[in-house]
Amino acid sequence: MNRIFWIIVFSIITLSVQAQNVGVSPYSAWGYGDKKLNFGAATFGMADVSTPFQSELGNQSNFMNPAANANLRLTNFSFEGGTDVGNFQNNNESFTRTSSYLSRIHLGFPMGQKFRAGIGFQPFSSVGYKTGNYNYSTSPISINQLEGVGGLNTLQAMLSYNVTSKLAVGVRGDYIFGDIEKRELFSTSNTQLVSEYKQGHHISGLQATLGGMYIHNVAEDKRLQIGATYSIGSQSAAEQQYRVSTFQLNPIDFTRNNEDVLIDRVSDRKVRIPQNVSAGLMYVKDRKWQLGAQVDWEQTSDYRLQFENYEMADRFRVALGGAFIPNITSFRSFFSRSSYRAGLYYGNSPIVARGQHLQDYGITFGIGIPVGRAASPSEVNLGVQLGQRGSLESNLIRENYANFRLSFTLNDLWFQRRVYD
């Protein structure tokens, strides 16, 4: 009954959060928006060094690298929420936006000695911006407003196989789907007509990620973990609409009058979901500390929405992260048994604005607090990310952001044959 309950909860929550709007940044106007894919508050606190990460206690599943689940011994249910806070500045003004949302639901479980499996849901990307501009240098004065909403989500399924005690391989399948709407309103001070340029995109498709994990024992209590993944670029179905219209706007209730559609085009040309590669190393001292590094590359320059002219480049990111446990055997203080995490990252975002390839860098930290029984340890994880993107040069926007992830990890024994003495 307990298993059925959690499966029902997982299904209800997944269906109810598909339409959540999580975007806050003007830079989400580019491509499919801000990438929101993350793989847990535990690795979030280590700058997302997740490709070579393997839970020491076997109580956390790794969906980033499906091969990194060799020691998963318990059914693991993770429920995670996120809050993103962004402060945006240009040479004239500053404003702040905040968004809270469900950032991840994952269910992972062992299947015998060799196989591990899991299913999950999480946002893939978000589009959420609204900016305006009054140009007083023109006569008449021109006014335009840019707005975008929506994003993409993922339903995930993963499977791993332990080839040997040191080598594992795995695969994850993602069903990526969602709606993105972008529009621009334009008018001048000497006319009552407003022009609207609107783009609508409905995207759905599959992507596969292959993973590998190798563990080399350096000493009796120390080991080197090597992980790598490759996500295959895929062609996804996309119903895309481009619409140009003019209308009169009622200044009292903002209703549209006398709307005239000038252009209305619909295209079913496919959209390519970018391929990406991730590789990392992690050096671990059993139940004491771990230190890792990871490199990520994504071919976002290959991603295009029809009717859109934003310039994009490839995404590149380097991250360092680690964790420390003061005393995992302490019975007096759960803070001594907690994991303390920190990391830093630097990379090129996929955004090219006014000829500048924008940088994205920051620091992270977090804590994992054990709860429940030692035989099936659950955990509360908090991760914090502080970073900056963009600049004030060329009248661009500088974004300072603080992102938070809070997850609850519950563990139980499923799919295991019980043995009685």
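This is a predicted model: local features need pLDDT of at least 70, side-chain atom pairs count only at pLDDT 80 or more; totals for chains, interfaces and linings use all residues.
## A stacked tyrosine pair

Next up are tyrosine 346 and tyrosine 361. Their ring centres are 6.1 Å apart and the planes meet at 25°, so this pair goes down as stacked. The 25° figure matters because planes have to be under 30 degrees apart to count that way.

Where do tyrosine 346 and tyrosine 361 lie? Tyrosine 346 is in strand β16 (residues 339-353), and tyrosine 361 is in strand β17 (residues 356-371), so the pair ties together parts 15 residues apart in sequence. As for solvent, tyrosine 346 comes out partly exposed with a relative accessible area of 46%. Tyrosine 361 is partly exposed as well, at 36%.

## A buried histidine

Over in strand β3 (residues 94-111) you'll find histidine 106. Is histidine 106 buried or exposed? Its relative accessibility is 0%, so histidine 106 counts as buried. The side chain of histidine 106 still has a polar partner: a 2.7 Å polar contact joins it to the side chain of glutamine 156.

Now for the charged side chains. The structure has 16 salt bridges in total. Take arginine 405 and aspartate 84: their closest N and O atoms are 3.0 Å apart. The partners come from distant parts of the chain, with arginine 405 in strand β19 (residues 398-412), aspartate 84 in strand β2 (residues 75-89), and 321 residues separating them.

Why do both partners count as buried? The cut-off is under 20% relative accessible area; arginine 405 has 4% and aspartate 84 has 1%, so both qualify.

## Salt bridges between partly exposed residues

Lysine 198 and glutamate 181 also meet through their side chains, in a salt bridge of 3.8 Å from N to O. Lysine 198 is part of strand β7 (residues 193-219) and glutamate 181 part of strand β6 (residues 167-188), so the bridge ties together parts 17 residues apart in sequence. Lysine 198 counts as partly exposed at 27% relative accessibility, and glutamate 181 does too, at 32%.

Then there's lysine 285 with aspartate 221, a salt bridge of 2.6 Å, N to O. Lysine 285 is in strand β12 (residues 276-285), and the pair spans 64 residues in sequence. Lysine 285 is partly exposed at 23% relative accessibility, while aspartate 221 is partly exposed with a relative accessible area of 29%.

Methods:
Residues are numbered from 1 along each chain as its sequence is written. Side-chain values use heavy atoms; hydrogens and water are left out. Rings of Phe, Tyr and Trp (its six-membered ring) pair if their centres lie within 6.5 Å; planes under 30 degrees apart count as stacked, over 60 as edge-to-face and the rest as tilted. Helices (H or I, at least four residues) and strands (E, at least two) are DSSP runs, numbered from the N terminus. Buried means under 20% relative accessible area, exposed over 50%, partly exposed in between (1.4 Å probe, protein chains only). A polar contact is a pair of N or O atoms within 3.5 Å; within protein, one must be able to donate a hydrogen and the other to accept it, and residues adjacent in sequence count only if both atoms are side-chain atoms. A salt bridge is a side-chain nitrogen of Lys or Arg within 4 Å of a carboxyl oxygen of Asp or Glu.
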